[in-house]
Structures are given as C-alpha cells and as structure tokens.
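Colleague: I would like a close look at one part of this model, with the cut-offs stated as you go.

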Amino acid sequence: YMSVYELISLGDTLALGQQYDKAEEQYLTAKALAAQLYFDTGRDDAMAALEQMYADQSEQQAQEDEKAQETAASVLAEGDAAFSKGDYEGARAFYTTALQKYTELEDQAQIDAINVKLAAVDSKLSAQAGLAAEAEGYMRQAESQYADKNYVQAKKYYLLAKDVYAELENDSKVSEVTRKLELIEMGISEEEQAAREAEEAAKAAE
C-alpha cells in the first residue's frame with residue numbers, strides 16, 4: 001500500500017515539474033499495483049491524480065495557445081500597420097512570421113487570410129518595381145539631354161522622374177532630382193542670358 005502512495009507522490013512531483021509523460025507513467029504504475037492488491041482506495045487515488053494531471057495539462061496547453069494567439073495577432077497587426085504606411089517589405093516580413101505562428105496553431109482561417117495579404121504585398125512590390133524602373137528611365141533620358149545641354153528637355157524628364165519618385169514616397173530621390181532641377185534652371189538662365197546678349201549684339205551691329 002505504501003508503494004502505491006509513493007508512486008502517486010512521485011507522480012505529483014513530476015506533474016508539478018510539468019514532466020507529464022513521466023508523471024503519467026508513475027500514476028499508471030500505482031493504479032496497476034493497487035489493482036493487483038485489490039486496494040480500491042489506492043486505485044481510486046491514483047486515477048484521481050491521473051485525471052487531475054490531465055486537467056492541469058489541458059489548462060496549461062490552453063494558456064499556451066492563448067498566448068501564442070496573442071503573439072500571432074500582434075505580429076499580424078504590425079504587418080497591417082507596415083502595409084498601410086507603404087512599407088511592403090516590412091509588411092511581408094511580419095506577415096510571413098504571423099503565417100508561421102498561425103500554421104503552428106493550425107488556424108486555417110487566419111492562414112487563408114494572411115495568404116491573401118501576402119498576395120497583395122507581392123502585387124504592391126511588383127507595381128513599385130515597375131514605377132522605379134520607369135523613374136530610372138526618365139533619369140537616364142534627363143541626364144543624356146543635360147549632357148547635350150538640352151536643358152528644356154532635361155527639365156521635362158527630371159520632372160517626370162520626380163513625380164514618380166514622389167508617388168513611391170522616395171524622399172531621397174525627390175531631393176536628388178530637385179537639386180538637379182536647380183542646376184537645370186541655372187543652365188536655362190545662362191542660355192537665355194546668352195541669347196539676349198547675342199540678340200543685343202546683332203541689333204547693335206545693324
């Protein structure tokens with residue numbers, strides 16, 4: 001009889017340490033020993049301890065799942081915030097992490113929803129890449145015209161590039177193009193000044 005309760009006590013200690021598999025083994029051994037001895041009270045106590053362990057284990061799992069759900073929801077919210085700000089690379093990173101967490105939780109509804117969000121991110125990134133390529137094309141044309149001192153044409157292409165960079169919210173590129181436009185204005189002013197001087201010289205010659 002003492003051995004039965006020693007096994008139950010050992011099981012209790014293991015259960016407190018969350019070593020549930022080992023605790024279960026001790027409780028089942030205690031139950032089997034009590035049954036051999038026709039020790040009904042010991043058997044019932046072993047069964048009660050086993051059922052309590054299962055309840056504790058279930059409660060702990062529920063708490064862990066709830067915490068995991070909260071963490072996944074937080075990461076997903078960060079992804080939504082990044083997406084709304086136009087930070088699509090950041091959004092993709094958050095969504096991918098959230099997808100992993102919901103996959104572990106086997107939450108198919110959230111998995112499907114996040115896959116839709118990831119598809120939207122890919123679409124936005126693809127559109128951004130297209131706009132970036134368009135802006136770079138305008139920049140190349142502008143620089144070519146500037147090198148040939150075709151300042152009016154260069155200004156046109158720089159303005160087109162600036163509009164695209166503004167749409168992409170690429171502030172550094174907008175600033176870069178703004179500085180180039182200032183140089184263009186100086187070039188145009190110099191051209192106009194030279195033209196006026198040439199015109200005045202021609203009139204004077206007449």
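Which residues form a nonpolar patch on the surface, and what is their accessible area together?

Modeller: The model is predicted, so local features need pLDDT of at least 70 and side-chain atom pairs count only at pLDDT 80 or more, while totals for chains, interfaces and linings use all residues. Residues are numbered from 1 along each chain as its sequence is written, and side-chain values use heavy atoms, without hydrogens or water.

The patch consists of Tyr146, Leu183 and Met186, which together have about 280 Å² of accessible area (Shrake-Rupley method, 1.4 Å probe, only the protein chains shown counting as cover). Patch residues have over 30% relative accessible area and no salt bridge, with like charges joined within 9 Å and nonpolar side chains (Val, Leu, Ile, Met, Phe, Trp, Tyr) within 5 Å; a salt bridge puts a side-chain nitrogen of Lys or Arg within 4 Å of a carboxyl oxygen of Asp or Glu.

Tyr146 lies in helix H5 (helices are DSSP runs of H or I with at least four residues, numbered from the N terminus), and Tyr146 counts as partly exposed because its relative accessible area is 31% (buried is under 20%, exposed over 50%, partly exposed in between, with a 1.4 Å probe and protein chains only).

Helix H5, residues 108–147, is also packed against, as is H3, by the buried residues of H4 (contact means heavy atoms within 4.5 Å), and those buried residues are Tyr88, Gly90, Ala91, Tyr95, Ala98, Leu99 and Tyr102. Just after H4, Glu106 takes a positive phi of about 55°.

Terms used. Helix = DSSP H or I, 4+ residues; strand = E, 2+ residues; numbered from the N terminus.
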